[in-house]
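Reader: I would like to learn how to read salt bridges in a structure. Please show me the structure, then take me through some cases.

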Amino acid sequence: NICICTFLIDRLYSNTYVRAESDDSEAMSQAVILGRKAVSLCRQSQHQQTARTDNDNSEVTNDKIENVVIESEYDKATLVTSRQQQPPAASLLYSSDPVRIAAAHLALGKALALLAQHIGLGATHIRDVEVRPIEGGVEEDEMEGEEENTRRARAEARFFREGEAILKSSIHAMEEEESELLTNNESSTQCDLFEVKVATYAALGELHYCCASVESYFDFERVSRQTQKSIKFLKRSLCMVQERLVCLLGETIPTVQGICSIAPRSLLMLQSRTAKDLGKVYQFEGSQSLHRKGKIVLDYAFAMSSRLHFKNHPSVSNIRRLCLGNLENAGVGSENDVDDWLSLNPLLESL
């Protein structure tokens, strides 16, 4: 559920711009349904204290295999190959229950933000949405007799609130869990939780950008507030990861190639995506100084993404389109330019 929800949202983000497509509306509804289901299942698992049930099922399967009569060396080799080809149990996708439920919250929060944005911008009609906002643990019913614009505004605001509450409560829970892990010196789970936490900060920044894009049609002052919140959370995520990357490099001067050669791929992909989102928000804000910052951070995102993906990968194409949309400095800067900037701003100080 978590993986499919994440895939649906990432596929929609690859479009760069909001589209009024019925398939997109259906995908967002499905993403929210799957995200809510994932969170519910994780909570059930915690309450029932039946973690690792998938591992137990895997052991039962292996026990059955042990009962097979092996009559030759060929049979033994076949058995070993069969075990090696078995897919990992679902629980092994995450190192612990706290990491799993944090990933579920992250996927759901992103889905809710994107759905709220599409509703607010009129790209998705509320009648086409298969889910309703949840407040106070109760799913909202439609109020009959409401005008379309009223229903749209109410649904958009409540989906945004639901997503924000989920992401913020998840960050709080992860910070508490990190303190406990630090006490118990569980470093591997700490690393996994760190990655989900910085991704959640980035998702919270993206949620506020989605809200700002809707408010830009109605309330300029609220746009400014939402944009500043977006920048704050995206910068926090970007700088937290950058500090980790520079720490991995040690005394080496940071370059895009050096960073990409030493850090986990998942963390690099997150950093590239967060840099892209921050550059997008800087462009959206509109001031000349932030446009220049947007150009720098988009170049950083493009250089890193180009080393992680093939030339026409959706992530690379997405960043390229955003760079071309920067009218002040159209086009993408070179990796050498990014390396020169990193040598002066290893922790992204100028952002």
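Predicted model: local features only at pLDDT ≥ 70, side-chain atom pairs only at ≥ 80, totals over all residues.

Reader: What is a salt bridge, and how many does the structure hold?

Author: Side chains of opposite charge can pair when their charged atoms come close. A salt bridge is a side-chain nitrogen of Lys or Arg within 4 Å of a carboxyl oxygen of Asp or Glu. The structure holds 12 of them.

Reader: Which residue forms a salt bridge with Lys110, and where do the two lie?

Author: Asp10 does, with the closest N and O atoms 3.6 Å apart. The pair links distant parts of the chain, 100 residues apart: Lys110 is in helix H5 (residues 97-120) and Asp10 in helix H1 (residues 2-13). Helices here are DSSP runs of H or I, at least four residues, numbered from the N terminus.

Reader: Is Lys110 buried or exposed?

Author: Buried means under 20% relative accessible area, exposed over 50%, and partly exposed in between (1.4 Å probe, protein chains only). Lys110 is buried at 17%, whereas Asp10 is partly exposed at 31%.

Reader: Which residues are linked with Asp277 in a network?

Author: Glu206, Lys276 and Lys280 are linked with Asp277 by salt bridges. Between Asp277 and Lys280 the closest N and O atoms are 3.5 Å apart. These two are 3 residues apart in helix H10 (residues 265-285), so about one helical turn separates them.

Key
Residues numbered from 1 in each chain as written. Heavy atoms only, no water.
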